[in-house]
Amino acid sequence: MSADTTLMPIPGPVDPVPVPRAATSRADGKVELIGLPREGIRAALEAAGLEPKQAKLRAKQIWHWVYNRGVGHFAAMTDIAKVQHPWLSERFAITRPDVVEAQVSSDGTRKWLLRTHDGHDFEMVFIPDADRGTLCVSSQVGCTLNCRFCHTGTMKLVRNLEPAEIVGQVMLARDALGEWPSSPDGRMLTNIVMMGMGEPLYNFDNVKQALKIVMDGDGLGLSKRRITLSTSGVVPMMERAGEEIGVNLAVSLHAVTKEIRDEIVPLNRKYGIEELLSACAAYPGANNARRITFEYVMLKDKNDSDADARELVRLLRHYKLPAKVNLIPFNPWPGAPYECSTEERIKAFSNIVFEAGISARVRTPRGRDIDAACGQLKTAAERKRRSQMDEQGARAA
Ligand code: SAH
Ligand code: SF4
């Protein structure tokens, strides 16, 4: 398999950057039904020649089998006449991304290396806790934004994931956890965070289409209150995200001065802190019962002083934000230009925010031993390429 390398521009930190274009069709010419709204399935069936009434009925049946039972082929759909199964499978696909590798961390965190039908690799992580299980879903292969502390940001290859590839991650997790048919009680997978690879608000339409299916009571059935979308600050898309998707918002703030945020989150040069926090204040649906999470990665001697903590409190108050702060100890990766703040520093920072009446939890790093922790995601293929390059470099030296 080879990746399609035709280039197209998608937004970057300052100017658009050329990336491999999105896959639009499968090599076998079949139409992928996963990721389509019900109405889209119906329309596809009708376009292939089914009578309108039949198309409507079949769409309903297929939807049920796919999203309530998790079946992966038409032959299992027992209320559809057997003679129609080959007709369907010649024209349509219901596929998940391929699983290239599945790993389990010593703390129970699981990571999957997945592959798209056109040969792009990306990752997904499941984090089990006592009272919940959170799936960390990717929205792009790589990321155009190059935050300096993030491993994904060093990847060159990027394409937007299709709705099928985003919904497919949740379905794969249900497969792996044995959670079909999906009943809302006693599930391990209870929460979703759009915090894997990529910037979800630079793939807005596909993320929206996918999350609609994930949130559909008759689809994958997860409440919007259990889904969080994290953005590094794509200001012009934030209002639409709140209005049209309506999930919880997390914002990767990470710094409180222009100088430092420009350095570590280059998108800040395009959309500055004031603009970002104003957009947060206007985020539809945010209130004291549904707070915005501000993520803040703790980088030693970079953004972790008492003065930074006090400025953070001042900013959150100034913009009257219903906020909670999530302090993320920096997770190292080979060649990273930063170190994690000391435990005492993180504690001191957290105390200042907490004493101002703002929740300031320190996020426990999970799955570090399998590179599954925040900011460590980078496909195994790329890691291998890099380590080969390092080896060659060492030999040449
Ligand atoms: N692109 C989106 C969502 C994916 S990143 C965003 O940036 O918000 C998910 C979170 O992990 C972000 O808050 C990101 O800043 C953080 N992160 C990235 N690299 C990290 C690292 N090396 N250590 C700890 N957190 C990191
Ligand atoms: Fe992209 Fe988020 Fe990583 Fe920044 S932190 S490079 S926006 S994935």
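A polar side-chain atom of Ser-230 sits 2.6 Å from an oxygen atom of ligand 1. His-254 also places a polar side-chain atom 2.6 Å from a ligand 1 oxygen. The backbone takes part too: a polar backbone atom of Cys-374 is 3.3 Å from a nitrogen atom of ligand 1. A polar contact here is a pair of N or O atoms within 3.5 Å.

How much of ligand 1 does the protein cover? It covers 95% of the 530 Å² of accessible area that ligand 1 has on its own (Shrake-Rupley method, 1.4 Å probe).

This is a predicted model: local features need pLDDT of at least 70, side-chain atom pairs need 80 or more, and totals for chains, interfaces and linings use all residues. Side-chain values use heavy atoms, without hydrogens or water; residues are numbered from 1 along each chain as its sequence is written, chains are lettered from A and ligands numbered from 1, in written order.

Now the shell. There are 21 residues around ligand 1, and Phe-149, Ser-230, Ser-252, His-254 and Gly-375 come nearest (a heavy atom within 4 Å counts as near). By class, ten are nonpolar, nine polar and two charged. Gly counts as polar, Cys as nonpolar.

Second stop: helix H5, residues 204–215. Helices are DSSP runs of H or I, at least four residues. H5 reaches 16 Å from first C-alpha to last, close to the 16 Å expected at 1.5 Å a residue. Its buried residues include Phe-204, Leu-211 and Met-215 (buried means under 20% relative accessible area, 1.4 Å probe, protein chains only). Among the elements covering them are helix H2, helix H4 and helix H6.

Terms used: Polar contact = N/O pair within 3.5 Å; in protein donor to acceptor, adjacent residues only side chain to side chain. Helix = DSSP H or I, 4+ residues; strand = E, 2+ residues; numbered from the N terminus. Expected span 1.5 Å × (residues − 1). Buried < 20%, exposed > 50% of the residue type's maximum accessible area, 1.4 Å probe, protein only. Contact = heavy atoms within 4.5 Å.
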